[in-house]
Amino acid sequence: MFERFTKDARAVVMGAVEHAEGAGTGSVDAEHLLLALLDREASRASFALAALGLAERGDAVRKALGEARRRAGLSQADAEALAGLGIDVSAIVARVEEVHGVGAMAGDRKDKGWWSGRRSFGRGAKEILEKALRIAVARRDRHVGDEHILLALTVRPGVPGEVLADHGVTYESVVRVLYGGGEAKAG
């Protein structure tokens with residue numbers, strides 16, 4: 001599959017690995033792919049994110065992803081659903097962090113090593129990369145670019161998609177910017 005990835009898409013994957021290493025997590029997750037996309041410049045995805053105003057709000061996206069990680073990866077929608085059942089996720093996180101330290105629910109395994117020396121990809125990241133391939137094929141594109149990874153992140157339920165939507169980045173808005181239907185169009 002990776003032979004179909006463009007240089008930019010491969011850079012996103014490698015950037016996601018670096019983000020996972022920096023965070024000390026056990027695997028590369030969908031959130032790491034989004035963080036790597038935010039780091040990119042001069043690519044189709046970076047153009048789309050800038051056109052949609054996310055370039056200036058990258059810190060807010062990073063903060064929202066960090067808050068979700070502190071909630072053990074629960075999206076805001078999940079937290080609201082639990083609140084409807086009388087479960088206050090914020091209170092649980094505060095209590096766990098009071099006893100075990102900040103970030104205790106994040107699932108980071110900084111003290112654990114990897115036997116293979118390579119980062120594994122979590123189910124969410126694998127699903128994003130597979131969806132990116134499917135989107136490229138459906139659009140009849142010959143290669144998978146970083147824009148396809150961005151599009152895949154917008155359609156998969158979960159924290160990255162929710163954070164992007166909260167900042168006005170949806171599948172429809174990215175398609176409009178990249179492929180027409182709006183004033184801006186990526187070249």
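A residue counts as exposed when its relative accessible area is over 50%, and as buried when that area is under 20%. The exercises below use this cut-off on a predicted model.

**Exercise 1.** Decide whether Ala42 is buried or exposed, and find where Ala42 lies.

*Solution.* Begin with the position: Ala42 belongs to the loop between α2 and α3 (44–51). Next take the relative accessible area of Ala42, which is 80%, so that Ala42 is exposed. Finally, look at the backbone, where the phi of Ala42 is near 60°, a positive value in a residue other than glycine. For comparison with the general rule, most residues other than glycine have a negative phi.

**Exercise 2.** Determine whether Glu162 is buried or exposed, and which residues Glu162 touches beyond four places away in sequence.

*Solution.* First locate Glu162 in helix α9, which covers residues 159–166. The relative accessibility of Glu162 is 18%, and therefore Glu162 counts as buried. Then list the contacts, leaving out residues up to four places away in sequence: these are Ser75, Gln76 and Ala77.

**Exercise 3.** Describe how helix α1 (residues 7–23) and helix α2 (residues 30–39) pack.

*Solution.* Two packed helices are described by the angle between their axes and the distance between the axes. Here the angle is about 115° and the axes are 8 Å apart, and the crossing of α1 and α2 is right-handed. Among the residues making the contact are Val12 and Ala16 of α1, together with Leu33 and Ala36 of α2. Sorted by type, the residues of this contact comprise nine nonpolar, three polar and one charged.

Terms used. Residues are numbered from 1 along each chain as its sequence is written. This is a predicted model: local features need pLDDT of at least 70, side-chain atom pairs count only at pLDDT 80 or more; totals for chains, interfaces and linings use all residues. Side-chain values use heavy atoms; hydrogens and water are left out. Helices (H or I, at least four residues) and strands (E, at least two) are DSSP runs, numbered from the N terminus. Buried means under 20% relative accessible area, exposed over 50%, partly exposed in between (1.4 Å probe, protein chains only). Contact means heavy atoms within 4.5 Å. Axes are lines fitted to C-alpha atoms, for helices over the stretch in contact, and angles run from 0 to 180 degrees between N-to-C directions. A crossing is left-handed if the near helix is turned anticlockwise from the far one by less than a right angle, and right-handed if clockwise. Ala, Val, Leu, Ile, Met, Phe, Trp, Tyr, Cys and Pro count as nonpolar, Asp, Glu, Lys and Arg as charged, and the others, Gly among them, as polar.
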